[in-house]
Amino acid sequence: MFLLIVGCGRVGSNLARSMLAEGHTVSCLDQDPESHARLEVGLDCSWEEAGGQFTVGTALETQALEEAGIQDADAFVAATNGDNTNIVIAQIAQRRYNVDTVIARILDPLRAEWYREQGLRTICPTKVAIEMLEEKLRGVGETSGSPATSGGGAG
Amino acid sequence: MYVIVAGAGKVGVNLTRELLEQGHEVTLIENRRQRYLGVEQLLEHNVLYGDASELWVLERAGIERADMVIAVTGDDEDNILICQVAKEKYGIDRIIARVNNPSNRAHFDLLGIKPVVSATELILRLLEHEVPHHNLVHLLDLEEEEIEIIEIRLGAKSPVVGRTVGELNTPDNTLVIAVIRDGRGMVPNASTVFEEGDDILAVLDPQREEELKALFTVS
């Protein structure tokens with residue numbers, strides 16, 4: 001598959017490398033040219049030599065999206081550091097470019113939830129972190145023997 | 001009317017002040033602490049500190065009972081999101097969004113965010129009127145209503161120069177409403193003769209624009 005990732009931060013760059021290693025075609029778009037270096041962490045050649053593609057440009061610019069290959073993309077991941085940017089470009093990928101699989105990373109659980117209900121595929125790392133913390137904390141009272149109020153539920 | 005304004009820049013603050021003076025109830029939302037504190041001195045309890053693209057902030061501002069939401073932050077993605085949520089989640093019929101970068105205009109259109117206001121586009125339009133670049137200028141576009149008013153400058157080679165309004169075979173749903181000659185406007189009648197350098201104002205269905213343009217200009 002041809003995957004386009006917008007936002008080449010920690011999430012975007014690591015995802016890009018692992019997807020490339022799995023044999024997919026991967027293109028990244030980021031407004032910061034320096035973010036290219038993040039793609040090469042752990043590689044013994046350049047990102048391009050490894051087969052990857054990198055474009056510098058703003059996520060909302062259709063010209064940049066097209067240069068990065070959105071018209072041929074089978075999958076699109078919106079992983080910039082702005083929730084609203086991710087929500088808007090994911091909808092552009094969906095509605096304007098008809099990309100099959102579109103996923104938006106949204107940090108705010110409320111926005112993630114509402115847009116998920118509207119038919120957008122969303123990943124909310126905040127929600128995942130909260131659930132993991134809840135899970136880790138759930139056993140604490142019982143193992144330390146403190147009189148935890150059981151049955152209250154973690155909500 | 002209860003209005004929520006997002007973004008306390010110059011536009012947001014002045015808009016809020018004007019609306020308050022007109023007797024409306026307004027909540028202005030600003031997420032930058034410094035800016036909020038500055039504006040709060042001026043507008044007091046009409047300002048709310050928070051990110052207007054967070055649903056709970058909009059709810060705290062009372063979006064359920066708002067008659068109108070106006071998003072005028074400096075970020076187009078924020079303005080799109082605020083208006084989209086206001087319209088689709090909270091059912092607010094009347095929204096206005098500011099477009100900061102004209103090249104983002106297409107995104108607003110794609111996601112059904114309208115009407116939009118773009119200072120850059122307004123100035124460009126005025127500029128075009130003052131210094132015509134092409135010989136066709138849009139003076140008014142009522143997109144929903146499908147009607148527009150355009151201005152066409154007649155060049156020396158225009159096929160209508162020397163002919164009368166009555167001789168024109170104008171397409172249906174188009175009407176020549178004024179002729180501006182030497183800086184003075186007049187309402188033409190059938191015997192008005194077109195001259196080189198005239199600016200013609202016409203009201204028409206936008207779909208007829210090409211036809212009308214072809215009538216007045218050299219192709």
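Which residues touch the most other members of the largest nonpolar core? In this predicted model, they are Ile5(A) and Val69(B), within a core of 72 residues. A nonpolar core is a set of buried Ala, Val, Leu, Ile, Met, Phe, Trp, Tyr and Cys residues joined through C-beta atoms within 7 Å. A residue is buried if 20 or more other C-beta atoms lie within 10 Å of its own, exposed if 12 or fewer, and partly exposed in between, with C-beta atoms placed from the backbone. Residues are numbered from 1 along each chain as its sequence is written, while chains are lettered from A and ligands numbered from 1 in the order in which they are written. The model is predicted, and local features need pLDDT of at least 70, side-chain atom pairs count only at pLDDT 80 or more, and totals for chains, interfaces and linings use all residues.

Two residues are in contact if their C-beta atoms, placed from the backbone, lie within 7 Å. Leaving aside neighbours within four places in sequence, Val69(B) contacts Ile4(B), Ile82(B), Cys83(B), Ala86(B), Ile92(B) and Ile95(B). A second core is separate and has 14 residues. Among them are Val176(B), Val179(B), Leu201(B) and Leu212(B).

The interface between the chains was examined next. In chain A, 16 residues are in contact with 16 residues of chain B. Two elements of chain A, α4 (83-95) and α5 (109-117), each give two or more residues to the side that touches chain B. Helices (H or I, at least four residues) and strands (E, at least two) are DSSP runs, numbered from the N terminus. The largest share of this side of chain A comes from α4(A), with 7 residues. By type, the residues on the side of chain A that touches chain B are 6 nonpolar, 5 polar and 5 charged. Here Ala, Val, Leu, Ile, Met, Phe, Trp, Tyr, Cys and Pro count as nonpolar, Asp, Glu, Lys and Arg as charged, and the others, Gly among them, as polar.

In chain A, helix α1 spans residues 10-21. Its 12 residues reach 17 Å from the first C-alpha to the last, close to the 16 Å expected at 1.5 Å a residue. The expected span is 1.5 Å times one less than the number of residues. Gly12(A), Ser13(A), Ala16(A), Arg17(A) and Leu20(A) are buried in α1(A). Seen down the axis, the buried residues of α1(A) fall within an arc of 125 degrees, so they line one face of the helix. The arc is that of the directions from the helix axis to the C-beta atoms. Arg10(A), Ser18(A) and Ala21(A) are exposed on the other side of α1(A). The buried residues of α1(A) pack against β1 (2-6), β2 (25-30) and α2 (36-39) of chain A. Gly23(A) follows the helix, with a positive phi near 95 degrees.

Chain B is assigned domain 1 (2-122) and domain 2 (133-216). Domain bounds come from an automatic or database domain assignment. Taken over C-alpha atoms, the centres of domain 1 of chain B and domain 2 of chain B are separated by 38 Å.

Strand β1 (residues 2-6) of chain B holds Val3(B). Val3(B) has 20 C-beta neighbours inside 10 Å and therefore counts as buried. Beyond neighbours within four places in sequence, Val3(B) contacts Leu19(B), His24(B), Val26(B), Ala66(B), Asp67(B), Met68(B) and Ile70(B). Arg17(B) belongs to helix α1 (residues 10-21) of chain B. With 15 C-beta neighbours inside 10 Å, Arg17(B) counts as partly exposed.

Helix α7 (residues 209-216) of chain B has the buried residues Leu212(B), Leu215(B) and Phe216(B). They cover an arc of only 90 degrees around the axis, which puts them on the same side of α7(B). Glu210(B) and Ala214(B) are exposed, on the face of α7(B) turned away from its buried side. The buried residues of α7(B) pack against β8, β9 (174-181) and β11 (199-204) of chain B.

Glu44(B), in the loop between α2 (33-43) and β3 (47-49), has a positive phi near 50 degrees. Glu146(B), between β7 (136-142) and β8 (147-153), has a positive phi of about 55 degrees. Glu44(B) counts as exposed, with 8 C-beta neighbours inside 10 Å. Glu146(B) has 12 such neighbours and also counts as exposed. The peptide bond from Lys114(B) to Pro115(B) is cis, with omega near 0 degrees. Pro115(B) sits in the loop between α5 (105-110) and β6 (116-117) of chain B.
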